[in-house]
Amino acid sequence: MKSFLSSRLSSLTPYVPGEQPKQAVIVKLNTNESPFPPSKKAINFGKKALKTTRLYCDIECTALKKEFAKRYGVEENQLLFTNGSDEILYYAFNAFCDEKVGAVFPDITYGFYKVFANLNGIRYKEIPLKEDLSVDIKDYYSANATVFIANPNAPTGKYLSVSDIEKIVKENPNNVVVIDEAYIDFGGESAVKLIKEYNNLLVTQTFSKSRSMAGARLGVGIANQKLIENLKLIKFSTNPYNVNAVTQASGLGSLKDEKYFKNNCKTIIENREELISFLESLGFYCTKSCANFVFCKTDKISGEKLQGLLRERGILVRHFKLPRISEYLRITVGSKKQIKILEKNITEIMESIV
Ligand code: PMP
């Protein structure tokens, strides 16, 4: 049959999200969601906003923006909210890359960067991580392209200090540097404070992980006003109503409940360290993760095999069939109860193979 698909898209490989199972699973640790519900304030604010959905939503996200600016010490005109942080990343590829300006990012990182580049016909270079899977910041000096770095990186969990980020930003005065901070709340220090000084830095964050709102889809870009205006061009040329009323209100509720948010982040960090100690006690190697997931491997069983065996027991974790990391598993840090179940099952599997 004739294909009507644009030839531009004929060879596009889309991003493959982690599985969202239809059947009940015992423990779902494959997509870096939070094990905790959203804050009660987020839920209540969202419920109230449902009543307003006869009308289009506020395209400026006014109340949300005001609260975020106050909490994060930035100006309201330095913010742009989007439908998840995937959307602000997509805007960045659109706004800051073209046939002349390409993109650079690590060879092992968030899979969407490559997809966004391909979708827009943008040239890109994947810069190999060091042997220990860390970013060599010097590789990004004078990149002569838009730089995309997830910090902490995914799926390695490895983190660059703000001073390292600053060096990359400083060494690329003529290009935009995008720092994707989807996992920053789990132990890293945000580079947001640098936006006052550098006009070429865009920091992106999400409410999906640390604020338990993955399904509500709320992300944000933080940068100087000029960059935000550039990004708004894409928003107002595609979907001005990109953040719906319920999500805006829930996001506001979440911001107004900092205690709950901070407590959850603290628990995830504790649980992560507990899980790493457990895995190490079984002889696994784990990267030093600053995220809400653990990246680990063992020479006793392949990552793929272990993922399959856990799956048979109703436990989902993520395996990537990619060069350099095919031996690893990425395990989302869940609640204490989920981790106990995971640990019991890994112990049983490891005992059964020796
Ligand atoms: N950046 C990274 C590194 C991620 O892992 C994810 C989650 N898959 C995102 C951005 C996008 O998350 P969201 O669109 O839910 O904000």
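First, a term for everything that follows: helices (H or I, at least four residues) and strands (E, at least two) are DSSP runs, numbered from the N terminus. Residue numbers start from 1 along each chain as its sequence is written. This is a predicted model, where local features need pLDDT of at least 70, side-chain atom pairs count only at pLDDT 80 or more, and totals for chains, interfaces and linings use all residues, while side-chain values use heavy atoms, with hydrogens and water left out.

Pockets. Rolling a probe the size of a water molecule over the atoms shows where empty space is left. The search here runs on a 1 Å grid over the protein atoms alone. A pocket is an open set of points where a 1.4 Å probe fits, with protein on both sides within 12 Å along at least five of seven lines. Lining residues have an atom within 4 Å of a point. Points are joined across faces, edges and corners, and a volume is the space filled by probe spheres set on them.

The largest pocket has a volume of about 1,200 Å³. Its lining counts 48 residues, and Tyr15, Val16, Tyr110, Gly111 and Phe112 lie nearest the centre. Helix H3 (84-96), strand E3 (103-106) and helix H4 (112-119) are the elements that give two or more residues to that lining. By class, the lining of the largest pocket holds 22 nonpolar, 14 polar and twelve charged residues. The classes: Ala, Val, Leu, Ile, Met, Phe, Trp, Tyr, Cys and Pro are nonpolar; Asp, Glu, Lys and Arg are charged; the others, Gly among them, are polar.

The second largest pocket has a volume of about 220 Å³. Among its lining residues are Arg71, Tyr72, Asp185, Gln205 and Cys265. Helices H2 (62-72) and H8 (258-281) each give two or more residues to it. H8 has the largest share, with four residues.

Now the ligand. Which residues are closest to the ligand? They are Asp180, Tyr183, Thr206, Ser208 and Arg217, out of 13 that surround it. The cut-off for being near is a heavy atom within 4 Å. Asp180 puts a polar side-chain atom 2.6 Å from a ligand nitrogen. Tyr110 has a side-chain N or O atom 3.2 Å from a nitrogen of the ligand. Asp86 uses its backbone: an N or O atom there lies 3.0 Å from a ligand oxygen.

Next, salt bridges. Side chains of opposite charge can pair when their charged atoms come close. The rule is a side-chain nitrogen of Lys or Arg within 4 Å of a carboxyl oxygen of Asp or Glu. The whole structure has 22 of them.

Take Arg324 and Asp107, at 2.8 Å, N to O. Arg324 lies in the loop between strands E11 (315-316) and E12 (329-332) and Asp107 in the loop between E3 and H4, so this pair ties together parts 217 residues apart in sequence. Accessibility next: buried means under 20% relative accessible area, exposed over 50%, partly exposed in between (1.4 Å probe, protein chains only). Arg324 is partly exposed at 38%, and Asp107 is partly exposed at 25%.

Lys340 and Glu274 also meet, at 3.3 Å, N to O. Lys340 sits in helix H10 (residues 336-353) and Glu274 in helix H8, 66 residues apart. Glu274 is partly exposed, at 34%.

Glu304 and Lys321 pair at 3.2 Å, N to O. Glu304 is partly exposed at 39%, whereas Lys321 is exposed at 65%. There is a network too: Glu60, Lys65, Glu229 and Lys232 are linked by salt bridges.

Last, the backbone. Where are the cis peptide bonds? One joins Asn151 and Pro152, with omega about -5 degrees. Another runs from Ala154 to Pro155, with omega near 5 degrees. Pro152 is in the loop between strand E5 (146-150) and helix H5 (162-170), and Pro155 is in the loop between E5 and H5.

Asn144 has phi near 55 degrees. This residue is exposed, at 64%. Arg324, from the salt bridge with Asp107, has phi near 75 degrees.

Methods
Polar contact = N/O pair within 3.5 Å; in protein donor to acceptor, adjacent residues only side chain to side chain.
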